[in-house]
Amino acid sequence: LELAIQAAIVGISLGFLYGLVGLSLTVVYNSTKVINFAFGDFFMLGALLTGYFVSVWNFFLVPSLIVIYILLVLLSIVVYRVVIGPLLKSGGIQSALLSTLVLGLLIGNVAGLLTRNAPIHVEPFVNMAAIALGPARIQPQYFFLVGSALLFILAYWYFLHKTRWGIAFRAIGLDPEAGKIVGIRTVPMITLSFAVGGFVAAFGGSIFAPVSTPLATMGIPLTINGFVAAVIGGLDHPFGAIVGGLIVGLTSSFLTAYTTSMIAEISTFAILIVILVLRPQGIFPEKE
Amino acid sequence: MEEQNTGQANTILKKVFTSNTSLAVFLFVLLAWPLVVPNLYYRHVAIIMLLGAISALGFNIFFGYTGQVNFGPIAFYGIGAYSCALVEMRLGMPWLIGALLIAPLAAALVSLLLSIPILRLRGHGMALGTFAFAYMMYLILERWTGLTGGGDGMPVRAPELFGYNLRQGSGLYYMTLLCAVLCFIICHWLVSSRHGRAMKAIRTDEIGAAAMGINVMGYKRAIYVLSSAMIGLAGGLLSQQAGWLGPDYASISGNILIILMLITGGRRSNAGQVVGGFFIGILPVLLADFVEYAVVIYSVILMIMLRFLPDGIIGVLRRWLGLPVVK
């Protein structure tokens, strides 16, 4: 039972991580119809930078987080303006997708060279004794992480549904042409979507840094798991990704606990195949 | 005056570029290579380049001509290499059957199974599905120590024919060359036949193609399987040449390399794939001392190519000579 509770807690937090990756993918997908495969590596950067700022260079937590968030948002916008935007105009979807994938590999490998592929141990943000939950002892960082992820999702929902920018943002996703006609400017909206995606990545990466021992090579599995989460939820539902993430996270954490990590990693692919065969549009009913 | 001169030079170059004679000369150079350069190391490099051309040719018919987003070609390279090595070393089959039959067949079979879910997808779904498959394949090859030797790799016996060690002489080189020429002929025939027009129709407008009575799914599946079989063949030949097989041959770095060959040579050009396979295929040899920078270098070249030369070397050449570029 102890193992099961541990696995459940780890699975839920992994689930939120994958869900946030999926969320960042759907945000950009909605405005451009392109999946930015580099976002997994943005999460990696978020986690890695948090590790360096907080545990290696010993900066204060909150200012370093703000700096990291700003850095990644800017990087994401630069990626759109320099790499993906021009390709969307000229080369079509094949080139744009390929360039995001390659960009992710580039980021991951440069980070790997700079850090010599060494994992970093990051101190938890909340310094408290482990909490007993039944027979298992859980680090409070997990609760902090799930709580802040939930808060973040609520804030994002508020942004999408209750603010002018959010509504314009959803309109562009539904029908870019009609959006243009009613006077929504597309390019700023796409830029905004990249900024939001970069921010989600920085936020998600940073809150997971203490429980994940950031490593430069973790970008690819993050992208894959996040994409599977987004596909399970359906790419048109931004919050479906969170549910999808929980499914992927729980499956892989229970498989890791009871079998080997190889089987757990392959299970993600198996889930992807099953979902694609049974319900390629995601598990939620389609919007009208 | 000068303009006229370049114009004249261009016409001559155009003739050279499009004539069959230049193709024959190129083939002659490839045939004579082991006789002119007896050095074993250079022959090894030449084989690597030919293998690059085979995998790029195979990859191109699906990615380039049919316009599908397969981002995991290396999976089939790995399947070809390992299936060939495994039937040879564990089951004791002759290497010739392993390399020429089992390797492409295994890749074809796996791709046939994979095509059931993968081909239901378009764009990003197919992109990540194929990429994730390549990544899983790499994990399996690396971690299934009992079967593949894991990260330490596994040895492959030197191929022998009539008592000759082909790795020592030029036998393996000629065999690879023969396979490359056959693959080129198959690809060339494929794209210039009515199947090529069907592939173009699928690439430009899938619904339109279906409305014209083209069996879109059937074509995609057939091309995907054929494409994977060719990449598998290259993998099988590689296992014979390398003598030692590690999961690195199926790594993400190799994946990027095959994609880079295709983009550098020029999408939708078979000749381009030979050029790309040769130019990019030699990169791992040149970068042997900088292995850790390899992926960074490949990615940077690939992004620059995509952004500024999307039609590759052949595209630049053709445009410069005033020939049409296939869109």
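Visitor: How much of chain A is made up of buried residues?

Guide: Of the 288 residues in chain A, 55% are buried. Please keep in mind that this is a predicted model.

Visitor: And what share of chain B counts as buried?

Guide: For chain B, 55% of its 327 residues count as buried.

Visitor: How many helices and strands does chain A have?

Guide: Chain A contains eleven helices and two strands. Their order along the sequence is α-α-α-α-β-β-α-α-α-α-α-α-α. The radius of gyration of chain A is 19 Å, close to the 19 Å that the globule rule gives for 288 residues, so chain A is as compact as a globular protein of that length.

Visitor: What are the dimensions of the box that the chain A C-alpha atoms fill?

Guide: Taken along the principal axes, that box is roughly 60 × 45 × 35 Å.

Visitor: Now chain B. How many helices and strands are there?

Guide: Chain B has 16 helices and four strands. Its radius of gyration is 20 Å, close to the 20 Å from the globule rule for 327 residues, so chain B is as compact as a globular protein of that length. The C-alpha trace of chain B spans about 65 × 50 × 40 Å along its principal axes.

Visitor: What share of the contacts in chain A joins residues at least 24 apart?

Guide: If one takes the contacts in chain A between residues at least 6 apart in sequence, 76% join residues at least 24 apart. In chain B, residues 24 or more positions apart account for 78% of the contacts with a separation of 6 or more.

Visitor: What area do the chains bury between them?

Guide: Chain A and chain B bury about 3,500 Å² between them, and 82% of this is on carbon and sulfur atoms.

Visitor: Let us look at single residues. Is Val122(A) buried or exposed?

Guide: Val122(A) counts as buried because its relative accessibility is 1%, and the cut-off for buried is under 20%. The residue lies in the loop between helix H4 (92-115) and strand S1 (131-133) of chain A.

Visitor: Which residues is Val122(A) in contact with?

Guide: Leaving aside neighbours within four places in sequence, Val122(A) is in contact with Gly51(A), Ser55(A), Ala209(A), Pro210(A) and Pro214(A). Ile273(A) is 151 residues from Val122(A) in sequence, and their C-alpha atoms are 35 Å apart.

Visitor: What about Lys162(A), buried or exposed?

Guide: Lys162(A) is exposed, because its relative accessible area is 53% and exposed means over 50%. Its place is in helix H5 (residues 140-162) of chain A.

Visitor: Over in chain B, where is Cys187(B)?

Guide: Cys187(B) is in helix H8 (residues 171-192) of chain B. At 1% relative accessibility, Cys187(B) counts as buried. Not counting residues up to four places away in sequence, Cys187(B) touches Leu57(B), Ile61(B), Met230(B) and Asn270(B).

Visitor: One last residue. What is the phi of Arg268(B)?

Guide: Arg268(B) has a positive phi of about 60°, although it is not a glycine. This residue sits in the loop between helix H12 (252-265) and helix H13 (270-281) of chain B. At 16% relative accessibility, Arg268(B) counts as buried.

Note on methods. Residues are numbered from 1 along each chain as its sequence is written. Chains are lettered from A and ligands numbered from 1 in the order in which they are written. This is a predicted model: local features need pLDDT of at least 70, side-chain atom pairs count only at pLDDT 80 or more; totals for chains, interfaces and linings use all residues. Side-chain values use heavy atoms; hydrogens and water are left out. The radius of gyration is taken over C-alpha atoms; the globule rule is 2.2 Å times the number of residues to the power 0.38. Buried means under 20% relative accessible area, exposed over 50%, partly exposed in between (1.4 Å probe, protein chains only). Contact means heavy atoms within 4.5 Å. Buried area is the accessible area (1.4 Å probe) that two parts lose on being put together, summed over both.
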